[in-house]
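Thanks for coming. I have one structure to go through today, and I will keep to what can be read from it. Please look at the display before I start.

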Amino acid sequence: MTHVVKLYNLSVSEALDLVKKLEQDLGLMRDRDFRWSWHPRTFDPTGWQVRDSAHAELKFFDAATATFVELKYRS
């Protein structure tokens with residue numbers, strides 16, 4: 001079971017820095033402890049309103065780690 005943490009108000013480079021920080025500082029390994037993806041901003045079909053803001057999505061395999069990261073990095 002995965003536990004999803006969505007982090008908004010980040011640029012792509014900030015998301016990459018966060019992933020590096022998780023790997024170096026917390027000792028987490030990609031694909032073993034977590035997976036991540038970047039989702040660009042999407043608009044409704046008319047193009048006038050934002051459907052979903054840009055965000056990084058982190059999927060953790062451990063609930064405690066997901067909670068820690070969400071509390072530490074969520075804006």
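I begin with a residue on the outside: Asn-9 counts as exposed because its relative accessibility is 67%, and the cut-off for exposed is over 50%. Keep in mind throughout that this is a predicted model. Asn-9 sits in the loop between S1 and H1. Its phi is positive, about 60°, although Asn-9 is not a glycine.

There is a second residue of this kind. Asp-31 is not a glycine either, and it has a positive phi of about 70°. Where is Asp-31 found? It is in the loop between H1 and strand S2, which covers 34-39. Asp-31 is exposed, with a relative accessible area of 56%.

In general, side chains of opposite charge can pair when their charged atoms come close. How many salt bridges does the structure hold? The count is 5, and I will go through some of them. Asp-31 forms one with Arg-35, where the closest N and O atoms are 3.6 Å apart. Arg-35 is partly exposed, at a relative accessible area of 46%. Another salt bridge joins Arg-32 and Asp-33, with 2.9 Å between the closest N and O atoms. Then there is the one in which the side chains of Glu-23 and Arg-30 meet, at 2.7 Å from N to O. Both partners count as partly exposed: Glu-23 has 24% relative accessibility, and Arg-30 has 43%.

Now to the inside. The largest nonpolar core has 11 residues, including Val-5, Leu-18, Leu-28, Phe-34, Leu-58, Phe-60, Ala-66 and Val-69. Which elements give two or more residues to this core? They are S1, H1, S5 and H2. H1 gives the most, with 3 residues.

Setting aside neighbours within four places in sequence, Leu-58 is in contact with His-3, Val-4, Val-5, Leu-7, Leu-18, Leu-22, Phe-34, Arg-35, Trp-36 and Val-69.

Next, the aromatic rings. The count comes to 1 aromatic pair. Phe-34 and Phe-60 form this pair, which is tilted, with 5.8 Å centre to centre and 35° between the planes. Phe-34 lies in strand S2 and Phe-60 in strand S5, so the pair ties together parts that are 26 residues apart in sequence.

Last, helix H2, residues 63-73. Its buried residues are Thr-65, Ala-66 and Val-69. The buried residues of H2 pack against strand S1 (3-8), helix H1 (12-25) and strand S5 (55-60). On the face of H2 turned away from the buried side are the exposed residues Ala-64 and Leu-71.

That is the end of my part.

Notes: Residues numbered from 1 in each chain as written. Predicted model: local features only at pLDDT ≥ 70, side-chain atom pairs only at ≥ 80, totals over all residues. Heavy atoms only, no water. Buried < 20%, exposed > 50% of the residue type's maximum accessible area, 1.4 Å probe, protein only. Helix = DSSP H or I, 4+ residues; strand = E, 2+ residues; numbered from the N terminus. Contact = heavy atoms within 4.5 Å. Core = buried A, V, L, I, M, F, W, Y, C linked by side-chain atoms within 4.5 Å. Phe/Tyr/Trp six-rings, centres within 6.5 Å; stacked < 30°, edge-to-face > 60°. Salt bridge = Lys/Arg side-chain N within 4 Å of Asp/Glu carboxyl O.
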